[in-house]
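Here is a short briefing to read alongside the sequence and the 3D view. Keep the model open and turn it as you go through the topics below.

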Amino acid sequence: MPEQPINPSSGDPLAASRLLGTLDPDDRARLAERCVERRFEKGQTVYFEGDPAESMLVLTAGKLKVSTYSSDGNELVLSMVSPGETIGELGMLSQVPRSATVTAIEPSRAVTLSRSVVMELVERRPALAMAMLRQLADMVRRVTGVAADLVFLDLSQRVAKYLLEHADQPSAELRITQTELASAIGASRQRVNACLQDFQRRHWISVAPRSIRIDDPDRLRRLLP
């Protein structure tokens with residue numbers, strides 16, 4: 001959808017940002033004046049891997065996924081982006097193309113900041129540079145964790161770990177399709193389906209068309225090292 005200027009009457013769009021929310025209110029106000037708002041439909045691509053990295057984005061509503069794809073089209077989901085989180089800063093700072101594809105998994109809104117605007121503020125506020133470095137370090141830790149799971153955990157352990165970490169509480173339910181789960185843990189849908197059916201036969205989980213409920217979390221935890 002087309003970009004739109006931020007409506008001043010809508011409040012501070014950066015206040016809830018984990019990265020920019022710590023800035024002085026006057027700095028945030030100056031940034032907000034130079035932001036544009038973008039809206040994304042479910043399934044719409046925000047960034048493509050390989051695109052020029054000319055801006056960063058602060059998600060204000062909805063949810064995005066960050067993915068990379070193999071040459072034959074298999075998807076690996078690297079992370080999910082929730083409101084208040086920032087994406088695009090790595091490529092923007094290093095001036096290299098986007099390293100992953102970002103897609104809206106539900107209707108979403110975000111504000112974008114151009115590289116020139118952010119770098120101008122970084123020069124005036126070194127604390128922002130330190131905050132960005134901390135955020136990048138957190139991202140590296142997450143990606144390292146994904147890589148370690150792929151190497152050290154078998155499929156049933158990866159499925160169990162994902163379910164335990166992402167199920168809503170207290171319902172112990174995770175709204176996800178088997179295709180989405182397969183992409184998140186780096187496996188084929190067929191193998192994930194077989195694993196889920198095995199868990200269900202053991203009465204550890206209950207599988208519905210677009211959700212999974214954990215019935216016996218203790219048994220799932222025993223699978224983990």
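Which residues line the largest cavity? In this predicted model, the lining is made of Leu20, Leu31, Met56, Leu113, Val117, Val118, Leu121 and Leu128.

**The largest pocket**

- The largest pocket holds about 1,100 Å³ of space.
- If you want to find its centre on screen, look for Met80, Tyr162, His166, Ile176 and Ala184, which lie nearest to it among the 37 lining residues.
- By class, the lining of the largest pocket divides into 16 charged, 13 nonpolar and 8 polar residues.
- Several elements supply at least two lining residues each: strands S6 (75-81), S8 (101-104) and S10 (173-174), together with helices H4 (126-152), H5 (155-166) and H6 (178-185).
- Strand S6 has the largest share of this lining, at 6 residues.

**The second largest pocket**

- The volume of the second largest pocket is about 740 Å³.
- It is lined by 31 residues, and Thr86, Ile87, Glu89, Met139 and Arg142 are the closest to its centre.
- Two or more lining residues come from each of S6, strand S7 (86-87), helix H2 (89-94) and H4.
- Helix H4 gives the most here, with 8 residues.
- The lining of the second largest pocket has 16 nonpolar, 8 polar and 7 charged residues.

**The four-stranded sheet**

- What is the order of the strands in the open sheet? The 4 strands run S3-S8-S5-S6, with antiparallel pairing.
- The edges are taken by strand S3 (45-47) and S6; each has a single partner strand, so one side of each is left without a neighbour in the sheet.
- From one strand to the next, the twist averages 35°.
- Strand S5, residues 64-69, is joined to S6 by 6 bridges, and the two run antiparallel.
- In this pairing, Lys65 sits opposite Met80 of S6; Met80 is also one of the residues nearest the centre of the largest pocket.
- The hairpin of S5 and S6 has 5 residues between the strands, and Gly73 in that hairpin takes a positive phi near 95°.
- S5 also pairs with S8, again antiparallel, through 4 bridges.

- Strand S11 (residues 205-208) and S12 run antiparallel and are joined by 4 bridges.
- A hairpin through 2 residues joins S11 to S12.
- The bridge partner of Ile205 in S12 is Ile214.
- S12, residues 211-214, also pairs with S10 in the antiparallel sense, over 2 bridges.
- Here Glu173 has Arg213 of S12 as its bridge partner.

**Helices H6 and H7**

- How do H6 and H7 lie relative to each other, roughly parallel or roughly perpendicular? Their axes come within 9 Å and cross at roughly 105°; H6 and H7 are therefore roughly perpendicular to each other.
- The H6 side of the contact consists of Gln178, Thr179, Leu181, Ala182 and Ile185, while H7 brings Arg189, Val192, Asn193 and Leu196.
- By class, the residues of this contact are 5 nonpolar, 3 polar and 1 charged.
- Helix H7 covers residues 189-201.

Definitions and conventions. Residues are numbered from 1 along each chain as its sequence is written. This is a predicted model: local features need pLDDT of at least 70, side-chain atom pairs count only at pLDDT 80 or more; totals for chains, interfaces and linings use all residues. Side-chain values use heavy atoms; hydrogens and water are left out. On a 1 Å grid over the protein atoms alone, a cavity is a set of points where a 1.4 Å probe fits but cannot get out, and a pocket is an open set with protein on both sides within 12 Å along at least five of seven lines; lining residues have an atom within 4 Å of a point. Grid points are joined across faces, edges and corners, and a volume is the space filled by probe spheres set on the points. Ala, Val, Leu, Ile, Met, Phe, Trp, Tyr, Cys and Pro count as nonpolar, Asp, Glu, Lys and Arg as charged, and the others, Gly among them, as polar. Two strands pair if DSSP finds at least two bridges between them. Axes are lines fitted to C-alpha atoms, for helices over the stretch in contact, and angles run from 0 to 180 degrees between N-to-C directions. Angles under 35 degrees count as roughly parallel, over 145 as roughly antiparallel, 65 to 115 as roughly perpendicular and the rest as oblique. Contact means heavy atoms within 4.5 Å.
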